[in-house]
Amino acid sequence: MTGTVPDRMHLKASDENSANFQIPDDIDWHMLDKSKFFVLGVALFSGISATFYPVVVLKTRQQVLASSMPSFQLGLKILHSEGVRGFYRGFRISLFGTVPARVLYMSSLEITKSNVGLAARQMGFAEPVATAVANAAAGLSASVV
């Protein structure tokens, strides 16, 4: 892409037909609106966690039972004795631990990907190779954090 990319790109109905509007090929860390990135990231992650948390509760309860019980039967037992809230026992505490970890993970992933990708392109690597190296380094660094 030629020219400079503005810090924030806003798509409006009037911009859709404009010849000056360009979507960048690659979106780097410095181009992201950090508040939206983190708020939406936390909201989406929390939504996904809430969706699958009942399965985690079933798995955990099956592990601590003295005798084996099928998941469906255990789920009905939880529903009848504790209600729907029984499937979300401990969810708040789980989020308090995972939300900060997710923010650190995504930050280190995106910052590393942006910086390593830029360095690899400046060293003369082809775009696919630079992207692969950046993604590998970003995944490694984010996993270590």
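**Salt bridges and core of a helical chain**

Glu-110 and Lys-113 both belong to helix 3 (residues 91-122), where three residues, about one turn of the helix, separate them. Their side chains form a salt bridge, with 3.7 Å from N to O. Salt bridge here means that a side-chain nitrogen of Lys or Arg lies within 4 Å of a carboxyl oxygen of Asp or Glu. Glu-110 is buried at a relative accessible area of 14%, while Lys-113 is partly exposed at 30% relative accessibility. The cut-offs are under 20% relative accessible area for buried, over 50% for exposed, and partly exposed in between, with a 1.4 Å probe and protein chains only.

The model is predicted, so local features need pLDDT of at least 70 and side-chain atom pairs count only at pLDDT 80 or more, whereas totals for chains, interfaces and linings use all residues. Residues are numbered from 1 along each chain as its sequence is written, and side-chain values use heavy atoms, with hydrogens and water left out.

The chain holds four helices and zero strands, and its pattern along the sequence is α-α-α-α. These elements are DSSP runs numbered from the N terminus: H or I with at least four residues for helices, E with at least two for strands.

By the salt-bridge rule, the count is four. One of these joins the side chains of Arg-61 and Glu-82, at 2.7 Å from N to O. Arg-61 is in helix 1 (residues 34-64) and Glu-82 is in helix 2 (residues 71-82), so this pair ties together parts that are 21 residues apart in sequence. Arg-61 is partly exposed, with a relative accessible area of 23%, and Glu-82 is partly exposed at 28%. The side chain of Glu-82 also meets that of Arg-89 in a salt bridge, at 3.2 Å from N to O. Arg-89 is exposed, with a relative accessible area of 54%.

What makes up the largest nonpolar core? It has ten residues: Tyr-53, Val-57, Leu-58, Met-69, Leu-74, Ile-78, Phe-87, Phe-91, Leu-95 and Val-99. At least two residues of this core come from each of helix 1, helix 2 and helix 3. A nonpolar core is a set of buried Ala, Val, Leu, Ile, Met, Phe, Trp, Tyr and Cys residues joined through side-chain atoms within 4.5 Å. In soluble globular proteins, nonpolar side chains tend to be buried together.

Ile-78 is one of the core residues. Apart from residues up to four places away in sequence, Ile-78 touches Val-57, Leu-58, Arg-61, Gly-83, Gly-86 and Phe-87, where contact means heavy atoms within 4.5 Å.

Phe-37 lies in helix 1. Its contacts, leaving aside neighbours within four places in sequence, are Trp-29, Leu-32, Met-106 and Glu-110. The C-alpha atoms of Phe-37 and Ser-107 are 9.6 Å apart, although 70 residues separate the two along the chain.

For the chain as a whole, 22% of the 145 residues count as buried. Among contacts with a separation of 6 or more, 55% are between residues 24 or more positions apart. The accessible surface of the chain is about 10400 Å², and carbon and sulfur atoms account for 64% of it; areas come from the Shrake-Rupley method with a 1.4 Å probe, and for residues only the protein chains shown count as cover.
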